Every structure is written in C-alpha cells, then in structure tokens.
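This briefing sets out selected features of the structure shown below.

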Amino acid sequence: MSSVQLWTYLFIGLSFGLYIAIAVWTRAGSTHEFYVAGGGVHPVTNGMATAADWMSAASFISMAGLISFLGRDGTFYLMGWTGGYVLLALLLAPYLRKFGKFTVPDFIGDRYYSRSARLVAIFCAISISFVYVCGQMQGAGIVFSRFLEVDITTGVIIGMTVVFFYAVLGGMKGITYTQVAQYCVLIFAYMVPAIFISIMMTGNAIPQIGFGSELTPEYGGGYLLDRLDNLSVELGFAPYTEGQRSTQDVFFITAALMFGTAGLPHVIIRFFTVPSVRAARVSAAYALLFIGVLYTTAPAVAAFAKTNLMNTVNNAVYEELPEWFRTWEDTRLISFEDRNGDGRVQYLADPAVNELTVNRDIMVLANPEIAGLPDWVVALVAAGALAAALSTAAGLLLVISTAVSHDLLKRSLMPQITEKQELRYARIAIFVAILVAGYFGINPPGFVAEVVAFAFGLAAASFFPAIVLGIFYKRMNRQGAIAGMVAGFSFTALYIIYFKFIAPELSTPAHWLFGISPEGIGTVGTMINTAVALTICRFTAAPPRYIQQMVEEIRLPGH
Amino acid sequence: MRDEHARAYWKANVRILTTLLSIWFFVSFVCGILLADFLDNFRFAGFKLGFWIAQQGSIYVFMVLIIVYVFWMDKLDSRYKANTKAANFKAADSQSASDEDSQS
C-alpha cells in the first residue's frame, strides 16, 4: 500500500468516525427534532450546515475542472450558484421561517389551501431531490474506487452505511451537526492544496490574489492569466479569459442556476431550523460567506491547474512524464494515444492531431499530484470530496423522507397517525430512499449525471415562482399557482428531455429556442410559470380571507 | 394602528429589496455578462475587469448585499417594534400593559 493510500485511509477513517460519533450524540426523539432539528440551531451553525448541504460532489470535484475547460464562460456556475443566495436571503428564507412549518410542500399546500397544490409540490420535491441524490452516491463511489482501489459497489455501500447512521437516527438534528463537521473537512481539504499551489506558482498564499499575480520565475514569469491566454492560443484553444458561448445563453443559464438555487427544497428547509426570522437572515449571510470561500477559490484553482497541465504535459516525452500521469491513466481519467509516433504528448485543440484526452474531474482530484504536493495533501482531497458528497446526500434524503412521512402521509393521506408513528414512517422513508439512491449509485442509469444539472432548471420553473408569488402577491390563488407550477415544470422537463434524450443530435444553438441551451431553459420555465399563474389568477376567485391574513402575518417580523 | 405600521413596514421592506436586488442584477447580469467584453478593456493587476467581476467580484458583492440586508432589516424591525409598542400604549391607556411582550 502506498503512502498516499495510508493517509487516505487515515483521513477517511477519522472523518467517518467523527460523523458516527455525532450521530450517536444527536438522536432525534420527536418529529420536531427529526424535521427541523428542534428549531433552535444557531445561525452560524446553520450557515455552516447550509454551506455543506449546498456544496455537493459536483461543486467539490467537478466545478473547478468545468471552469478550467470553459474559461470565462464557467462564470455561470460561479455567479449562478452564489447569486441565488441573494434571492434566497431576500425573497424566501425570512418569510418561510416566519411561516414556521417543516417543509416546502407544507408552505405550498397551506398557502394555496389545496391538497392538489400540496401533491404537485410533493411530486416536484421528490423528483428534484431524487435526481440529485443519485449523483451524490455515484460521486462517493467514484472517490472510493479511485483513491482506495476498492470497487464502486463497496464504496457506495460504505457511504450509504455512514449516511444511514446519522440520517436515520438523528434526522435533521444529526444531519445538521454532521454537516458542520463536513463543512470543516471539505473546506480544509479544498483550501490546503489551493494555497500550496498558489504559493508555488505565484508566491502568494491567497489563491484569490495569486490568480491575478505574476508567476514565479520557475514558471516563466508574467501574469498568470496572460500566460494562460497565450498558452491556450498557442495550442489552438480559445483565449481563457474571453467568452465563447453566446451572451444570451450565458445570461439564461446564470439566471436558471440562481432561481434554481433559491428554489431547491433541501436548501430551503435548512432555514426552518433556526429560532427566528432574524436568525434566518443572519444565517443566510453566513451561509454565503462560507460558500464564497470555496467559490472564489475554485476559479483560481481552475486557472492554476490548466496552466500547470499545459506546461507539464504538452510536448513532454511520454516516458519521462511523472508518476501521477500513469496512475490517472489507469483510471482512464487521462488518456494518451501517440498518433504521430514521436513519443511526445501533443495536447492541441485540433481533434485530428490532439493526442491527449483529459477528464475535467482531474483538475481537482489530481491537481495536488500534478503540482507535486506532499502525500497527506493528496489524501486530504478524498476525505473532502466524500464530505461534500455525503453532506448533500443527507440533506436531500431528508427532503424525500419528510415529503413522504409528513406531507404525503400525515398531511394528505393519513392525518390520524400519531407523532410516534409519523416519526417511524419518516425513518422508514429515509431508509428506503438510501437503499434506492445506493442502488442507482452502483448501477447509474446513463441519464443521472446528465440530469443532476437540470434539477436546478426544474426547481427554478416550479418552486421559485410559486413561493415568491405566494409571499409577495396576496391575490395569488390556488388555481393560478397550480397551473403555473404544472406549466413551468412540464415545459422545462419536456425541453430537456427532447434535446437530451429524444433528439440529442439536434441540440445545437441553431435549433434551440432563442439560442437557449437546455441548461438555461429553466429561466424560460420560470417566466412561463409566472405568466400562467398571473393570467389564471385574474380570471378566478381571490383566495379566502384567512389566507390573505396569513400572508400579512408572514410579512411581519416575528419575535 | 397596528395595520398602518404593518403597511409602512412592508413598504419599507419592499424598498430595501428593490434597492438591493437592482444592485444584484446590475453587478451580475449587466457587468458580469452583458458588459463583460467592454469592461475587459480595463485592467488591474493581472485581471481584466470584466473577467474579474464575473469570476470574483460579483461573489464578493453578493456577500456584502446580504450583510447590508441583515443590518437594514434589523433597523427596520426595531423601528417597527418601537412604533407598535407606542401605539399599544396609547390604545391601552387605562388598561395594564402586562401582555405587552407577547404582542411584539
């Protein structure tokens, strides 16, 4: 066993031990504890938990890599996944906290005084969360298999067991405190290599500043970003700091990710756990601060890694490449084919002469090795990636379980069940959800990874307008809200299904509606939802008096 | 009395939201996307301005916006509470004001 593997076992063992200890310490005794952690979570704690809840395997493993291949266009991930918090903090979190129930379908069902609205919301919440959670399990499996050389099945089962422990025992209470620990693990694991590399390449310890600094003489001097632009152009790629996608597409994708962020049920429910309206605002601020640490570092990592990769690999003699190249070749994240037989690696934009294919995930996973960092830093990345995957998975599983036990059973089908029974159903639901998610993590249907990115579009087109209108437009009634959610969700889903699964060969800007890609169509879905809701609402009866009073009550500050 | 204060509170709240969300839109969509190419003509350190706003600056602005929101709403909340308290005192001239706290 190599030294990297020893370190990896150590870090993963320690962090998992910690999560299980927290699980035992935070068992939930009531539905109030199981659903909203008793409602007394400190705003800073909740901010940290929200950050871990939010930053998934995709943020941790894939985002920097995506950006390094997209260049400036990668911006839509950065602005989209942080800007949504401004909407969440200003338009949703405080009012939903004042409303003071357990789930998003709770709000939709009560505000729109309708069982059908509640059922539509349950359907949206479960499908969005489910699509998303499968991707997390898959992410956990991949980390296990690449770093520890156990097979993906074993990896997923280990991940499932750990989540099972704290989610089934502790519900939201267990999840909250493990998420705090997971945030610490993941941010440490992300920042340490980033700082190391920043110092190595620019002599500046802060990656956000190193990003705009000059390279050290060993790396050839000159500003990092200029060098990156030049290298890209030399190899036939587009300059890194210039946009390639159409402006309207970037605009719509950014908006879809922002609205989606604000409408994702697993993020919204975190704000039910704090003690007051003010605490909800404060914890949204902390959440974005904690998230921002990673999100402002990611573009720097992207630029460092891309420069480093091009510097190290291009025109290098294959036999003389460092050891990491072969390790990652074995996992097929990098592949080299010596087309012209000169024994050197040609990394070029032109597919006819290019000899190297690089998977985007390598930018984070292999970055420490490419930069030649110590073994313990390399091992840290595995523990961080697992923390990111498991923390998000747990938050999503809780949404699924509450949607079943609370919204579907208690509030719709079996209102007579006691709290004890409801709690038992919640635990059974989360257990079943873990099993199903695990199954799909091990046998990923080809579409899961694809669809994860679209969960945002769906959340944007269904929940976001329904909740915002419910708070800011007193006259909005159940007919309008239901029609809007159904129209927005189905339009977005159909557009995505059409271009991704039915006719993927047609998915080019020329065929897209107004040149908007399936990733950005959620914004149009949001608009359709809003327009349909407002129109239908005009021609149907106003909501009853007590609902309008409820809206007025939600708007006032609480204690 | 309480209704009047509630309406004033909501109006002030919507004003705060409009202000902050206008900045949010301007920084992210206008500067970070629509004008990014133009702003790239300006540079500081190794950054082109448009690129920096898109990948760094906008995120810092988002953080500041939520922090400002927290402070403004704190101020607004305490003003609302003081006003409703004063109104309650007037209304409950002769009565004892023992249940005051449960009202706020």
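**Chain B and the overall model**

In chain B, 49% of the contacts with a separation of 6 or more are made by residues 24 or more positions apart. The model is a predicted one. Chain B contains 4 helices and 2 strands, and their order along the sequence is α-α-β-β-α-α. Buried residues make up 29% of the 104 residues of chain B.

**Contact between chains A and B**

- Chain A contributes 39 residues to the contact, and chain B contributes 35 residues.
- On the side of chain A that touches chain B, the elements giving two or more residues are α5 (75-99), α10 (224-234), α11, α13 (277-313) and α22 (545-555) of chain A.
- The most is given by α13(A), with 11 residues.
- By residue class, the side of chain A that touches chain B comprises 20 nonpolar, 12 polar and 7 charged residues.

**Helix α11 of chain A**

- Helix α11 of chain A covers residues 247-263, a total of 17 residues.
- From first C-alpha to last, α11 of chain A reaches 24 Å, close to the 24 Å expected at 1.5 Å a residue.
- Because 15 of its 17 residues are buried, α11(A) is largely enclosed by the rest of the structure.

- Just after α7(A), E149(A) adopts a positive phi of about 55 degrees.
- Helix α20 of chain A (residues 478-502) packs with α7(A) at an angle of about 25 degrees, and the two axes are 10 Å apart.
- The two helices α7(A) and α20(A) are therefore roughly parallel, since angles under 35 degrees count as such.
- The crossing of α7(A) past α20(A) is left-handed.
- From α7(A), the contact uses S116(A), A117(A), V120(A) and C124(A); from α20(A), it uses R478(A), A481(A), I482(A), M485(A), V486(A) and F489(A).
- The residues of this contact between α7(A) and α20(A) divide into 8 nonpolar, 1 polar and 1 charged.

**Packing of α3 on α8 in chain A**

- Helix α3 (residues 43-54) and helix α8 (residues 152-202) of chain A pack at about 70 degrees, with axes 8 Å apart.
- This angle makes α3(A) roughly perpendicular to α8(A), because the range from 65 to 115 degrees is classed that way.
- A left-handed crossing describes the passage of α3(A) past α8(A).
- On the α3(A) side, the residues that meet α8(A) are T45(A), M48(A), A49(A), A51(A), A52(A) and D53(A).
- Their partners in α8(A) are T176(A), Q179(A), V180(A), Q182(A), Y183(A) and L186(A).
- The contact of α3(A) with α8(A) comprises 7 nonpolar, 4 polar and 1 charged residues.

- L390(A) belongs to helix α17 (residues 375-413) of chain A.
- L390(A) counts as buried because it has 31 C-beta neighbours inside 10 Å, and 20 or more are required for that class.
- Apart from neighbours within four places in sequence, L390(A) is in contact with A140(A), G159(A), V162(A), V163(A) and Q182(A).
- E214(A) is 176 residues from L390(A) along the chain, and their C-alpha atoms are separated by 38 Å.

How values were computed: Residues numbered from 1 in each chain as written. Chains lettered and ligands numbered in written order. Predicted model: local features only at pLDDT ≥ 70, side-chain atom pairs only at ≥ 80, totals over all residues. Expected span 1.5 Å × (residues − 1). Buried ≥ 20, exposed ≤ 12 C-beta atoms within 10 Å, placed from the backbone. Contact = placed C-beta atoms within 7 Å. Nonpolar A, V, L, I, M, F, W, Y, C, P; charged D, E, K, R; others polar. Axes fitted to C-alpha atoms, helices over the stretch in contact; angles between N-to-C directions. Parallel < 35°, antiparallel > 145°, perpendicular 65-115°, else oblique. Left-handed = near helix turned anticlockwise from the far one by under 90°.
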